[in-house]
Amino acid sequence: MSRIIAISTNKGGVLKTSITTNLAGILSKDSKVLIIDSDNQGNASLSFGLQPDDFELSLYNVMVDGMNAKKAIVKAYENVDILPSNDDMSFLEFDILTNMHEYKKPFSLLKSKIKDIESDYDYILIDTPPNLGLTQGNVLSVSHEVLIPFQPESYSMRSLVKMLNAVKNFKEDHNPSMEVLGVVATLVDRRTVLHDEIVQECRKYCYEKGIKMFYAEIPKAIRYASSVAYEGLPATLTAKNNDLVKAYHDLKGEILQ
Ligand SMILES: Nc1ncnc2c1ncn2[C@@H]1O[C@H](COP(=O)(O)OP(=O)(O)OP(=O)(O)O)[C@@H](O)[C@H]1O
Ligand SMILES: [Mg+2]
């Protein structure tokens, strides 16, 4: 059975897409991986050098028209497929909420379709938009596990607590078997005292709540991160060896433990 992992949080720019695509890069060495891009920005496709607006069929057609997901899936790399999103996804919420008589279970649009593809992959990684709305609800409804990126900034603890509560409530109401896979610190600059303090505060909070916080941290690394822009591939598929790639390998190791 495949392992379905959502990379989720309500915050923008905290490496949801980077984690999704870099983990996919590593896992693809010996497993078959599907990335479901549920963000209308289409950044997961862009990370593999694919233009989101070139796709005629996308996750939108799967969720709104009930199309078989296989029709929209494209190959991104050896052992990595993508079910893409593009600008069409920005209409999803409006199209569904204005036609509620047709869509009786608005959080189950993906659930009925994931069965068509689930058995084709070892891992399904779902990249999500930076908000908690209808799309995120559909993603959480099909996910076995949720990986939550955490950027240590002044007010991010408060936001993380709210996110964890939202996931807990959603789990109870819609997907009781879903688990929080863990929290991972991102864009960490260990030279910054504030980062150090906030990461420690987060570790303490997670420990007290019985939530896993990964030892691996994704460092702030502007130099390496830009490799996506030049090579059209996530760093784990291009760069030979650097701190960033090593951090993703460490994270993968902990996820598979
Ligand atoms: N290790 C890194 N250090 C610094 N910048 C990075 C790193 N990894 C990725 N970036 C850059 O940070 C930005 C945000 O990353 P990313 O797109 O993965 O975040 P996101 O959470 O998916 O954002 P959004 O909420 O917009 O979807 C991107 O421009 C990316 O190239
Ligand atoms: Mg993103």
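Start with the contacts across the whole chain. Among contacts between residues at least 6 apart in sequence, 77% join residues at least 24 apart. This is a predicted model.

Zoom out and view the whole protein chain. Its C-alpha atoms fill a box of roughly 50 × 40 × 30 Å along the principal axes. The radius of gyration is 18 Å, which agrees with the value near 18 Å for a compact globule, because that is what 257 residues would give. Buried residues make up 44% of the chain. Colour by secondary structure: there are 12 helices and seven strands.

Next, select strand S2, residues 33–37. Five of its five residues are buried. Look at where the side chains go. Val 33, Ile 35 and Asp 37 point one way, while Leu 34 and Ile 36 point the other way. In a regular strand the side chains alternate between the two faces of the sheet.

Strand S4, residues 80–83, pairs with S2 in the parallel sense over four bridges. Then show strand S5, residues 123–127, which runs parallel to S2 and is joined to it by five bridges. Here Asp 37 has Asp 127 as its bridge partner.

Move on to the largest nonpolar core, which has 70 residues. Select Ile 5, Val 33, Ile 35, Leu 125 and Val 146, the residues with the most contacts inside this core. Helix H12, residues 243–256, gives the most to the core, with six residues.

Finish at Val 146. Leaving out residues up to four places away in sequence, Val 146 touches Ala 6, Ser 8, Leu 140, Val 167, Met 178, Val 180 and Leu 181.

Key
Residues numbered from 1 in each chain as written. Chains lettered and ligands numbered in written order. Predicted model: local features only at pLDDT ≥ 70, side-chain atom pairs only at ≥ 80, totals over all residues. Core = buried A, V, L, I, M, F, W, Y, C linked by C-beta atoms within 7 Å. Buried ≥ 20, exposed ≤ 12 C-beta atoms within 10 Å, placed from the backbone. Helix = DSSP H or I, 4+ residues; strand = E, 2+ residues; numbered from the N terminus. Contact = placed C-beta atoms within 7 Å. Pairing = 2+ DSSP bridges. Rg over C-alpha atoms; globule rule 2.2 N^0.38 Å.
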